[in-house]
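Colleague: I have not looked at this one before. Can you take me through some of the details?

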Amino acid sequence: MTEPNNKQLRAIDAPFVALGPSGVAIRDRLKHLTPEDETVLRLVGDHLGSLASRDLKARCADGLEHSADTWAARKRALTAESSSRWAGSITKASHDQWALSRRCQLAHIDSLEAGVRTLRHRLSQPIGQKGTKRAPGGYRSEHEWFMKSRRLAALECRLERERAEREAGIVHVVRGGRRLLGTRHNLAKAQLSEQEWRQRWEAERWFLAADGESGKRYGNETLRVTPEGEVSIKLPAPLAHLANARNGRYVLSARVAFAHRGEEWADRISANRAVAYRIHYDVPRGRWYLTASWQRPVVTTIPLEAARAKGMVGVDTNADHFAAYRLDACGNPVGDPHRFFYDLSGTAPHRDAQIRHAITRLLHWAKQCGVAAIGIEDLDFTAEKTREKHGRNKRFRQLISGIPTGRLKARLVSMAAEMNVSIVAVDPAYTSQWGDEHWRRPLTSRTRKMSRHDAASVAIGRRALGHPIRRRTTPPQHHQSDGAGHRTVQADRGARGREETRRPVTERAPDAHSQTGNIQGTRATSASTTVRDARSAGQRVQDPLLITDEER
């Protein structure tokens, strides 16, 4: 579906219903741990973390030569120092981390290629050449041209190195996180001491995660949680002497009780279905947490026509709020626009909480409206936020970089599935432009103020419903209510006071009561003092002169 326009437009992809989540993760705090429990957890995490670091190094060294035989050899080497199941979890985590690094490497190469193309084009333009909407122009000065030529050389060198590393299967991975590693050089800015940073670094490099196994007792043999909430750990071979239970297991004194999805979790472990667990330590808070996760079949989505049957809520995603508008099945806006604000400044947990709260309010409002689906743009700013793309417009680059597109889509799809609300993803092309052109002014009134984002939400909802964004075409002039012009009984467009309330034919004089001598009321009209408005007892004739007493 394309919108009619004079310029050449790109093809617009058809809307589709987004698939639901394929996994579930829940978390609970490990309370009332004894000092012995914390000591065992630290020892196990540190020991398995060192094995995981060594295995990841071996996996990165294999590169593209990785095979099932090398995987089995690495697992056998780790089994002697841990256990067969711990070794399987470690090798699988290393393989997944290497694959993730490869995908990130490819995305980085695409970003470098986009930057190089833009720089080459702008350097080829004359200095001061103005750009268009389709292609940027030249640089403003010779100094800027020179600095950009140096940046082009640096990007080309970096791109060549990244391509060579990808062909060789070389990736760069930091266990513990590259951001936390860089914080070590800016402790004053991060308001951390070296000891505090060291504690966070070591905790991030621990390994206390075990994959589940269907058919085994309670779905996991390594990290086991009973229906009563008892947590036990299969200790690695070098730490087996710390066991306080049979078969080299250590039982924690803490008990877990999952408040969210607790019944679903209990059903799985009662049927001995696979459940993966992970224990991690929050250093700033000094708390231990247990996360349980499992896979489930993809939530079945309703057909697109069924999602459109009850109308749609169009949502425009912005850097600080959601702009939403309800539309009926015919694509007509209903009611007033709604905005759900959030603040993406601060720490990552704060930003994540803001997104969750805004999505929760949006979903509750959509349920109140009675719709079955929400229309949202399928945004991806991966190649749109580079310095070369937008030049000196740093504020705009920060704006689009701050929109949490990936996390927002994942959160919205998973949370909407729990409330039986479908998500219809649409092509974001021209939604803001056409929404502002066709819907902003018609929907603006004295009691309703429309923003560009509100109009974009209407455009998104209409595209999700399968309707064109533009409004109905104005009928021909003779098919309108006034025919070829304004009605003869109406005041002309140039008449003063044509929009005012019509005045009465006879106005009552201020002193009507005293002139008529009517004490009871003032309903009788008073005589006018002017000749033009004086009442006459004579008959009406065609003679324009007044009738006098002599003529009678």
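Colleague: Is Arg261 buried or exposed?
Modeller: Arg261 is buried, with a relative accessible area of 17%. Buried means under 20% relative accessible area, exposed means over 50%, and partly exposed is in between (1.4 Å probe, protein chains only).

Colleague: What should I know about the model and the numbering?
Modeller: This is a predicted model, where local features need pLDDT of at least 70 and side-chain atom pairs count only at pLDDT 80 or more, while totals for chains, interfaces and linings use all residues. Residues are numbered from 1 along each chain as its sequence is written, and side-chain values use heavy atoms, with hydrogens and water left out.

Colleague: Back to Arg261. Where is it in the chain?
Modeller: Arg261 sits in the loop between β6 and α8 (262-270). Helices (H or I, at least four residues) and strands (E, at least two) are DSSP runs, numbered from the N terminus.

Colleague: What is the phi of Arg261?
Modeller: Phi of Arg261 is near 60°, a positive value in a residue other than glycine. Most residues other than glycine have a negative phi.

Colleague: Which residue meets the side chain of Arg261 in a salt bridge?
Modeller: Glu418 does, at 2.3 Å from N to O. A salt bridge here is a side-chain nitrogen of Lys or Arg within 4 Å of a carboxyl oxygen of Asp or Glu. The pair links distant parts of the chain, 157 residues apart, with Glu418 in helix α13 (residues 405-418). Glu418 counts as partly exposed, at 40% relative accessibility.

Colleague: Which residues are linked with Arg261 in a network of salt bridges?
Modeller: Glu264, Arg296 and Glu418 are linked with Arg261 in that network.

Colleague: How many salt bridges does a search of the whole structure find?
Modeller: The search finds 21. One of these pairs is Asp55 with Arg74, whose closest N and O atoms are 2.8 Å apart. Asp55 and Arg74 are both buried.

Colleague: And which residue does Asp454 meet in a salt bridge?
Modeller: The side chain of Asp454 meets that of Arg339, at 2.2 Å from N to O. These two are 115 residues apart and link distant parts of the chain: Asp454 is in helix α16 (residues 452-465) and Arg339 in strand β11 (residues 333-341). Asp454 is buried, with a relative accessible area of 0%, whereas Arg339 is partly exposed at 34%.

Colleague: Change of topic. What is the order of the open sheet of three strands?
Modeller: The order is β4-β5-β6, with antiparallel pairing. Two strands pair if DSSP finds at least two bridges between them. β4 (223-225) and β6 (249-255) are the edge strands, each pairing on one side only.

Colleague: How many bridges join β4 to β5?
Modeller: Three bridges join β4 to β5 (residues 230-234), and the two strands run antiparallel. Among the partners, Arg224 has Ser232 in β5 as its bridge partner.

Colleague: One more residue. Where is Gln191?
Modeller: Gln191 is in the loop between α6 (187-190) and α7 (194-204). Phi of Gln191 is near 55°, a positive value in a residue other than glycine.

Colleague: Buried or exposed, that Gln191?
Modeller: Gln191 counts as exposed, at 70% relative accessibility.
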